[in-house]
Amino acid sequence: MKLRVRINRQTSRVELPGEEPTLQELSDLIKQTLLSHHGLSADIEFSLSLNGSELLSESGQTLSACGVVSGDLISVLLPQLPPADMAASERTTNSQQAASGTTSQNNSSSSTSAALTEPLQTCDMQDFESVPPVWEPMLCSEAEDGEAPLSLELLYHTAQIASPNDAVMVAAHLLMLETGFTPQGSELKPGEMPAGWRSTGGVYRLQYAHPLCGGSLVSVVAVGMAPLLVINAILKVTETIDTARKLQLNASTYVTHEWPGENAAAAFKDLKKLSRILKDQLAYPLIAAAREAMALPVAFGLPALPPELLLRILRLLDVRSVVRLSAVSWHFNTAASDSTLWKHLYLRDVQSKTCTTKLLTESFASIVFISVL
C-alpha cells in the first residue's frame with residue numbers, strides 16, 4: 001500500500017509491504033525511516049490522522065479497516081511545542097536536509113518526493129479539535145502536486161484509464177464542467193464520463209452545451225499524435241456560423257509515470273497549469289464567441305458566474321446561507337448540491353463548533369427536497 005505521510009512542513013511517500021498492513025506497522029515505519037529526517041527522536045510520542053480530519057487510534061487494526069486506501073494522506077500529529085522550541089526544531093530539520101543532500105534521496109527507498117505543506121501539530125483530541133483541518137482541493141486549479149479534487153478522483157476511477165492521453169481527456173472533461181459546460185448525449189450519472197467519449201485509434205469525442213450560449217453546441221474532437229494530444233473544439237451557433245479553437249497538450253507534462261495506479265492524486269501533476277491553459281485558451285473563448293455570434297448582452301452577476309467561481313463563494317458562507325441560496329434558482333441549487341462543498345462545510349463548521357451535525361444533515365435534506373420540487 002502506497003501512502004503519503006505529512007510531518008510538519010513536508011510530505012513523503014511511503015510504501016507498506018503486505019496485502020493488509022496495520023496501523024502499528026505504519027507507525028513503526030514512520031519511527032524507523034521518517035522521524036530522523038525531520039530532526040525528531042524516534043521515541044517522540046505522536047498520533048496519526050487520516051487527511052487531517054480523523055484520528056487513527058486502534059493500532060492493531062488494518063489500515064483498510066480504518067478507512068485508509070492507497071494514496072491517502074496521513075498526518076503525523078506531534079506534541080505542541082513552545083514557539084522557541086518549534087523554531088529550533090524547524091532549523092534543525094532544515095540543516096539536516098541541507099547536509100544530507102543526495103544521500104537522503106538514495107537511502108529513502110520507501111519515502112520520496114518531499115513537498116512543502118501546511119504544518120499540523122497537536123498531541124491529543126482536545127487540541128486536535130481546535131486546529132483547522134487540512135482542506136482538500138475542490139477544483140483542479142487548487143490542487144498541488146500529489147493532490148486531486150474528489151470530482152477528478154471519481155472520474156478517474158470510473159473511466160478505466162488505459163493511456164496518459166485518456167487521463168488528460170478525463171481532466172479536460174472535468175475542466176469543461178467546472179466552467180459550466182454540460183455534456184450532451186446519453187444521461188450521465190455523477191462521476192462518469194459520457195458514453196462514447198473514447199474510441200479506437202486514440203480518438204476522443206465529446207459534445208457540450210452551455211447555459212450562457214443559448215442553443216449553440218460545442219463539439220470536442222481530440223486525436224493523439226505522439227507526443228502531442230491535439231484537441232479541436234468547434235462551436236456551432238447556427239447553420240452558417242462556426243468557430244474553431246485548437247489546443248495542443250503534451251500528456252507527459254500533466255501525467256506522472258504512475259498514471260495506471262489506484263488514484264488520481266498520484267497520476268496527475270501540475271493540474272493548476274492544465275486548468276489555466278484549457279480554460280483560458282479553449283473554454284472561456286468559446287463562451288465569448290458564442291455570445292458575440294448570437295448578439296447576446298454581456299452576462300454579469302451571480303447567475304453568470306461559472307461553477308468554479310460560484311463554488312469558491314459558497315464555501316465562504318455559513319450552512320444556513322447556502323441552504324437559502326439553493327432555493328433561489330435551479331442554477332444555485334445545482335451548485336449548492338456539490339458533495340465536495342458539503343464535505344468542506346462539515347469539516348469547517350463541526351471542527352469550529354459553529355454548527356452541529358444535525359444542522360448539516362437537515363440542511364442537506366432541505367436541498368434534496370428543493371431539488372425534487
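**Close-up views of a predicted model**

**View 1. Strand β5 and its partners.** Leu 48 stands opposite Val 76 in β5. Strand β3 (residues 47–50) and β5 pair in the antiparallel sense, over four bridges. Strands are DSSP runs of E with at least two residues, helices are runs of H or I with at least four, and both are numbered from the N terminus. Two strands pair if DSSP finds at least two bridges between them. Strand β1 (residues 2–7) runs parallel to β5 and is joined to β5 by four bridges. Here Arg 4 stands opposite Leu 73.

This is a predicted model: local features need pLDDT of at least 70, side-chain atom pairs count only at pLDDT 80 or more, and totals for chains, interfaces and linings use all residues. Residues are numbered from 1 along each chain as its sequence is written, and side-chain values use heavy atoms, with hydrogens and water left out.

**View 2. The two faces of β5.** In a regular strand, side chains alternate between the two faces of the sheet. Both faces of β5 are covered. Leu 73, Ser 75 and Leu 77 are buried on one side, Ile 74 and Val 76 on the other. Buried means under 20% relative accessible area, exposed over 50%, and partly exposed in between (1.4 Å probe, protein chains only). Five of the five residues of β5 (residues 73–77) are buried, so the strand is largely enclosed by the rest of the structure.

**View 3. Helix α1.** Leu 23, Leu 26, Ser 27, Leu 29, Ile 30 and Leu 34 of α1 are buried. Seen down the axis of α1, its buried residues fall within an arc of 160°, so they line one face of the helix. The arc is taken from the directions from the helix axis to the C-beta atoms.

**View 4. Tyr 156 and Phe 268.** The structure holds three aromatic pairs. In one of them, the ring centres of Tyr 156 and Phe 268 are 6.1 Å apart and the planes stand at 70°, so the pair is edge-to-face. Rings of Phe, Tyr and Trp (its six-membered ring) pair if their centres lie within 6.5 Å; planes under 30 degrees apart count as stacked, over 60 as edge-to-face and the rest as tilted. Tyr 156 lies in helix α5 (residues 150–158), and Phe 268 in the loop between α8 (264–267) and α9 (271–293), 112 residues apart. Tyr 156 is buried at 4% relative accessibility. Phe 268 is buried too, with a relative accessible area of 2%.
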